[in-house]
Each structure stands twice: as C-alpha cells, then as structure tokens.
Amino acid sequence: MNITWEKYHELVKELDRKIHTLIPSGPIPIIGIPRGGLLVALHLSYLDPRYHLCNNLNAQTGVKYIVVDDVLETGKTKIHWLQSPRINCWFAVLIDKSFRYQIQAADLSALQMKEKEWIAFPYEVDNQVEATSRQLRGY
C-alpha cells in the first residue's frame with residue numbers, strides 16, 4: 001500500500017484528534033521514534049503549539065509522554081518504550097498493524113489494518129521500489 005502525502009496528512013490529523021481527546025488541555029510532550037516517528041512528531045507539532053518535541057534524554061519524572069511512530073507491526077519498538085524505566089508514556093502510531101502479530105494494539109492510532117500488505121510512506125527514499133521488494137519477500 002502506497003501512502004500519498006495527502007493520505008499521510010489525513011492520518012496525522014486523525015491522530016492529532018485522538019491525542020486531543022486523551023489530553024484535552026495543557027502541553028502535550030511528544031517523542032518521535034527515529035525515522036518515521038520523527039516526521040509524525042514534527043507534523044503534529046505544526047498542527048498545535050501545545051505539542052512539545054522532546055527526546056528521551058530530557059524525560060522528566062511525573063510527566064507522561066506520547067511516543068509516536070509511523071507504523072506498529074511486530075511491537076518491538078512499543079515494548080521497548082513501554083518497558084523503559086526512564087519514561088512514562090502512551091504509544092501512538094499512524095497505522096496499527098498489531099492485529100496481524102496478535103500483540104496489544106497501540107494506545108492511539110489513526111488507522112488499523114489487518115492486511116499483510118507492506119506500507120510505503122511518501123517520505124521513504126523510493127517507496128515504490130521498497131514496496132515491490134517487500135511484496136516479493138512475502139510481506
């Protein structure tokens with residue numbers, strides 16, 4: 001599945017809406033997971049000045065963060081962050097494919113997918129080549 005820039009921005013806006021439901025007022029500290037999550041965090045910060053981009057090195061005790069990524073698949077990244085003793089957080093993604101791996105879903109997601117299809121985001125270097133490569137490998 002190739003995600004266009006238009007669809008990407010729709011997903012970011014939907015995730016923003018869900019985050020605001022969870023945190024209706026006050027600052028929203030977010031941490032973007034390198035690579036795709038950094039872009040999601042950056043785009044969220046453009047939508048609302050309440051978003052404060054942070055990194056896990058400056059995490060403060062008593063603050064609950066929203067850790068964002070572009071996609072949840074195997075759950076390894078989510079588990080890493082949720083089990084970190086250094087940070088208290090919710091895990092939010094644009095696209096949640098956790099159903100496929102029978103793991104717990106993200107706390108917040110803009111879209112849930114049950115398909116096995118590989119997702120190619122518009123910011124990937126050559127998402128068409130990558131999507132074809134993944135498809136050939138059975139993704």
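Residues are termed exposed when their relative accessible area is over 50% and buried when that area is under 20%. By this criterion, 42% of the 139 residues in the predicted model are buried. Among contacts with a separation of 6 or more, 64% are made by residues 24 or more positions apart.

Strands of a sheet pair through backbone hydrogen bonds, in either a parallel or an antiparallel arrangement. In this sheet, three bridges link strand 1 and strand 3 in the parallel sense, and isoleucine 30 has isoleucine 66 of strand 3 as its bridge partner.

Strand 3 and strand 4 run parallel and are joined by eight bridges. Lysine 64 stands opposite asparagine 88 of strand 4. Strand 4 is largely enclosed by the rest of the structure, because seven of its nine residues are buried.

Helix 1, which spans residues 5-22, contains 18 residues and reaches 26 Å between its first and last C-alpha atoms, close to the expected 26 Å at 1.5 Å a residue. Its buried residues are Tyr8, Leu11, Val12, Leu15, Asp16 and Ile19. These residues lie on the same side of helix 1, because the arc that they cover around the axis is only 145 degrees. An α-helix has 3.6 residues a turn, so residues three or four places apart point the same way. On the other side of helix 1, Glu6, Lys13 and Thr21 are exposed. The cover over the buried residues of helix 1 includes helix 2 together with strand 1, strand 2, strand 3, strand 4 and strand 5.

Helix 2, comprising residues 36-47, has 12 residues and a reach of 17 Å from its first C-alpha to its last, close to the 16 Å expected at 1.5 Å a residue. The buried residues in helix 2 are Gly36, Gly37, Val40, Ala41, His43, Leu44 and Ser45. Elements covering them include helix 1, strand 1, strand 2, strand 3 and strand 4. The loop between strand 1 and helix 2 contains arginine 35. The peptide bond from proline 34 to arginine 35 is cis, with omega near 10 degrees. Most peptide bonds are trans.

The largest nonpolar core contains 24 residues, of which Leu15, Ile19, Leu44, Ile66, Leu94, Ile95 and Phe121 touch the most other members. Two or more residues of this core are contributed by each of helix 1, strand 1, helix 2, strand 3, strand 4 and strand 5. Helix 1 gives the most, with five residues. A second, separate core has 11 residues, including Tyr65, Leu72, Phe91 and Val93. Within the largest core, leucine 94 is one of the residues that touch the most other members. Apart from neighbours within four places in sequence, leucine 94 is in contact with Tyr8, Leu11, Val12, Leu15, Val40, Asp69, Asp70, Ser109, Ala110, Leu111 and Phe121.

The C-alpha atoms of tyrosine 51 and isoleucine 28 are separated by 4.6 Å, although the two residues are 23 residues apart along the chain. With neighbours within four places in sequence left aside, the contacts of tyrosine 51 are Asp16, Ile19, His20, Ile28, Ile30, Leu44 and Ser45. Among these contacts, Ile19 and Leu44 belong to the largest nonpolar core, whereas Asp16 is one of the buried residues of helix 1 and Ser45 is one of those of helix 2.

Technical notes:
Residues are numbered from 1 along each chain as its sequence is written. This is a predicted model: local features need pLDDT of at least 70, side-chain atom pairs count only at pLDDT 80 or more; totals for chains, interfaces and linings use all residues. Side-chain values use heavy atoms; hydrogens and water are left out. A nonpolar core is a set of buried Ala, Val, Leu, Ile, Met, Phe, Trp, Tyr and Cys residues joined through side-chain atoms within 4.5 Å. Buried means under 20% relative accessible area, exposed over 50%, partly exposed in between (1.4 Å probe, protein chains only). Helices (H or I, at least four residues) and strands (E, at least two) are DSSP runs, numbered from the N terminus. Contact means heavy atoms within 4.5 Å. The expected span of a helix is 1.5 Å times one less than its number of residues. Two strands pair if DSSP finds at least two bridges between them. The arc is that of the directions from the helix axis to the C-beta atoms.
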